[in-house]
Amino acid sequence: MPDIVVLGSLNMDLVVRTSQMPRPGETVRGSGFATIPGGKGANQAAAAARLGAQVEMVGRVGQDPFGPVILENMRSQGVGVSRVIADADAPSGVAVIVLDAQGENSIVVAPGANDRVTVDDVYALRGLLAESRYLVTQFETPLPVVQAAIRLANEVGTPVILNAAPALAVGTDALHGVQVLVVNESEAQALTGSEVSSFTAAGEVGRQLSRMGIPVVILTLGARGALLVTSDQAVHVPARRVDVVDTTAAGDAFVGALAVALLRGMDLVEATRYATCAGTLATMTLGAQPSLPTAEQVQAF
Ligand code: ADP
């Protein structure tokens with residue numbers, strides 16, 4: 001039985017570099033095309049597995065050529081995929097990513113099969129959820145499905161870690177039953193309507209989310225680390241200064257590592273520090289999943 005069930009997206013990232021972004025109607029030359037497995041759900045599952053947890057992924061891929069590649073990649077990272085459905089009626093989720101010479105990116109995400117995960121897929125998980133220690137989920141599968149999973153996890157007594165990403169302006173109701181909420185600045189802003197323009201503002205927004213009844217709120221603050229807010233404490237965990245190569249999946253590394261740290265019995269501050277280290281390590285290598293650190297690397301760091 002798994003330690004952690006991850007309900008979420010599995011994508012193939014189609015990445016191409018160009019010296020200049022095309023304008024509408026324009027064709028430009030690109031280079032260095034690569035297909036790289038991604039999706040927040042899959043990245044977080046891989047992050048937790050890399051750190052030694054038993055992880056089971058729940059979601060959908062298509063029956064197109066990307067589907068088996070995505071699944072094989074999950075398996076090779078040690079993530080269980082027997083609960084991932086190969087959907088006959090939709091392509092696998094893809095993110096088409098164009099990187100320019102200045103390091104700016106333009107991204108189009110076509111969710112495909114990720115949008116076809118159903119509430120019934122979730123109801124089939126009761127036994128699995130009951131026996132696992134944490135449910136980790138995000139907002140890259142339909143909201144009613146995420147909410148059904150949170151309700152079911154609550155029913156069977158499995159704590160929920162929600163990474164409310166990408167930014168979505170959902171009501172407080174959608175956060176009901178979540179034990180640990182992880183959001184970056186723009187996601188926190190979407191949930192509260194309050195701007196996170198400064199460090200002080202981040203603290204305010206953290207307390208605002210905490211007052212909504214979420215026991216543990218963690219705001220990730222990029223180079224500034226993370227802010228842990230509960231009803232009785234607000235603790236800033238700074239990130240170490242490093243040479244940043246690529247921040248893709250830093251947030252996903254953070255969430256996966258947080259789940260593993262809690263699983264290992266670390267207290268909240270210690271777990272936030274562990275996750276912050278994992279997030280920072282993920283910024284030091286290129287790519288999403290290739291940059292996810294191992295337990296030895298986080299310890300050493
Ligand atoms: P997201 O990628 O979801 O926007 P953040 O940018 O807040 O999330 O990054 C998540 C975590 O990754 C941070 O809490 C921090 O630990 C680490 N991190 C991100 N950017 C940097 C950076 N420039 N320097 C050091 N650590 C970073």
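Two strands count as paired if DSSP finds at least two bridges between them. Strands (E, at least two residues) and helices (H or I, at least four) are DSSP runs, numbered from the N terminus. With that in hand, look at strand β2 (residues 11–18) and strand β7 (residues 93–99), which pair in the parallel sense over seven bridges. D13 has A95 as its bridge partner in β7.

A word on the model before going on. It is predicted, so local features need pLDDT of at least 70 and side-chain atom pairs count only at pLDDT 80 or more, while totals for chains, interfaces and linings use all residues. Residues are numbered from 1 along each chain as its sequence is written, and side-chain values use heavy atoms, with hydrogens and water left out.

**The four-stranded sheet**

β2 and β7 belong to an open sheet of four strands, ordered β3-β2-β7-β8, with mixed pairing. Its edge strands, β3 (30–38) and β8 (105–110), each pair on one side only. Helix α2 (residues 66–76) lies across β2, β3 and β7 and runs at about 100° to β2. That angle is taken between N-to-C directions, from 0 to 180 degrees, using axes fitted to C-alpha atoms, for helices over the stretch in contact.

N11 sits in β2. Is N11 buried or exposed? N11 is buried, with a relative accessible area of 4%; buried means under 20%, exposed over 50% and partly exposed in between (1.4 Å probe, protein chains only). Its side chain makes a polar contact of 2.8 Å with the side chain of N114. A polar contact is a pair of N or O atoms within 3.5 Å; within protein, one must be able to donate a hydrogen and the other to accept it, and residues adjacent in sequence count only if both atoms are side-chain atoms. Beyond four places in sequence, the contacts of N11 (heavy atoms within 4.5 Å) include I70, V94 and V109.

Helix α1 (residues 40–50) is mostly covered too, with nine of its 11 residues buried. Just after α1, G52 takes a positive phi of about 105°.

**Strand β12 and the cores**

All five residues of β12 (residues 216–220) are buried. V216, I218 and T220 cover one side, and V217 and L219 the other. β12 pairs with strand β11 (residues 180–184) in the parallel sense over five bridges, and with strand β13 (residues 226–229) in the antiparallel sense over four. L219 stands opposite L227 in β13. The β12–β13 hairpin has five residues between the strands, and there G222 takes a positive phi near 55°.

I218 also turns up in the largest nonpolar core, where I4, I161, I218 and L258 touch the most other members out of 54 residues. Such a core is a set of buried Ala, Val, Leu, Ile, Met, Phe, Trp, Tyr and Cys residues joined through side-chain atoms within 4.5 Å. Helix α8 (residues 250–263) gives the most to this core, with 10 residues. Apart from it lies another core of 38 residues, among them V58 and V205.

**Around the ligand**

The ligand is surrounded by 16 residues (a heavy atom within 4 Å), and the closest are N184, T220, G222, G225 and T280. Here are some distances to ligand oxygen atoms.

| Residue | Atom on the protein side | Distance to a ligand oxygen atom |
|---|---|---|
| T220 | polar side-chain atom | 2.8 Å |
| G225 | backbone N or O atom | 2.9 Å |
| T276 | backbone N or O atom | 3.0 Å |
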